[in-house]
Amino acid sequence: MPRALLTAVMALLAIPAFADEPNLGGYVGTLILGQDHELYAPMSGKHLDQPLTVSIGGRAGLSLTQWFDIEGELEIGAWPVEGGTATIAGMRIGPRFVAANLLGQGRDIHLTAGVGNLMVMAPDSLTGTDVDFAAHIGPGVSVDVGKRISLRGDYR
């Protein structure tokens, strides 16, 4: 396991130790590769069979104030490509700014930002393994569906 990924996993596991009530959760999302991504036109001339895939991940966070959280995520997704499967693994850490109850009680709007790494693991005939810096920012909403459970949607 690459040292940066191991460090991120250990940091995410440590977050709950510093919080009275940590924010923990899993998610299902979609990874969409842009037209300039190396898997579209690698040196071999092979390409992705589809531009997007489902990703799964875990999230751990710490609410510092009612309006500000720090959170980290780990995610993984896979694409079928000519000659094999390309696996994408990502990690990120960053702030989340929350406008609590803006849409009514238990309905929040937030802005999420973050930095991390995105690792592409593909058959050697495509790109091999490549780790790139990743940064994002985007809006989202969350809705409480129970005392300690909420549903959340983000766009990055």
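A surface patch here is built from residues with over 30% relative accessible area and no salt bridge, joining like charges within 9 Å and nonpolar side chains (Val, Leu, Ile, Met, Phe, Trp, Tyr) within 5 Å. In this predicted model, local features need pLDDT of at least 70 and side-chain atom pairs count only at pLDDT 80 or more, while totals for chains, interfaces and linings use all residues. Residues are numbered from 1 along each chain as its sequence is written, and side-chain values use heavy atoms, with hydrogens and water left out. With that in hand, here is a tour of one patch and a set of charged pairs.

**The nonpolar patch**

- Val28, Val54, Ile56 and Ile76 make up a nonpolar patch on the surface, and together they have about 380 Å² of accessible area (Shrake-Rupley method, 1.4 Å probe, with only the protein chains shown counting as cover for residues).
- Val28 sits in strand β1, residues 23-32 (strands are DSSP runs of E, at least two residues, numbered from the N terminus).
- With a relative accessible area of 65%, Val28 is exposed (exposed means over 50%, buried under 20%, and partly exposed in between, with a 1.4 Å probe and protein chains only).

**Salt bridges across the structure**

- Side chains of opposite charge can pair when their charged atoms come close.
- Searching the whole structure turns up 10 salt bridges (a side-chain nitrogen of Lys or Arg within 4 Å of a carboxyl oxygen of Asp or Glu).
- One network of salt bridges links Arg59, Asp69, Glu71, Glu73, Arg92, Arg96, Arg152, Asp154 and Arg156.

**Arg59 and Asp154**

- Arg59 and Asp154 meet through their side chains in a salt bridge, at 3.7 Å from N to O.
- This pair links distant parts of the chain, 95 residues apart: Arg59 is in strand β2 (residues 52-63) and Asp154 in strand β7 (residues 150-154).
- Arg59 is buried at 16% relative accessible area, whereas Asp154 is partly exposed at 29%.

**Arg92 and its two partners**

- Glu71 and Arg92 form a salt bridge between their side chains, 2.8 Å from N to O.
- Because Glu71 belongs to strand β3 (residues 68-81) and Arg92 to strand β4 (residues 84-99), the pair ties together parts that are 21 residues apart in sequence.
- Arg92 also forms a salt bridge with Glu73, where the closest N and O atoms are 3.1 Å apart.
- Glu73 is in strand β3 and Arg92 in strand β4, so this pair ties together parts 19 residues apart in sequence.
- Glu71 is buried at 3% relative accessibility, Glu73 is buried at 3%, and Arg92 is buried at 8%.

Key. Helices (H or I, at least four residues) and strands (E, at least two) are DSSP runs, numbered from the N terminus.
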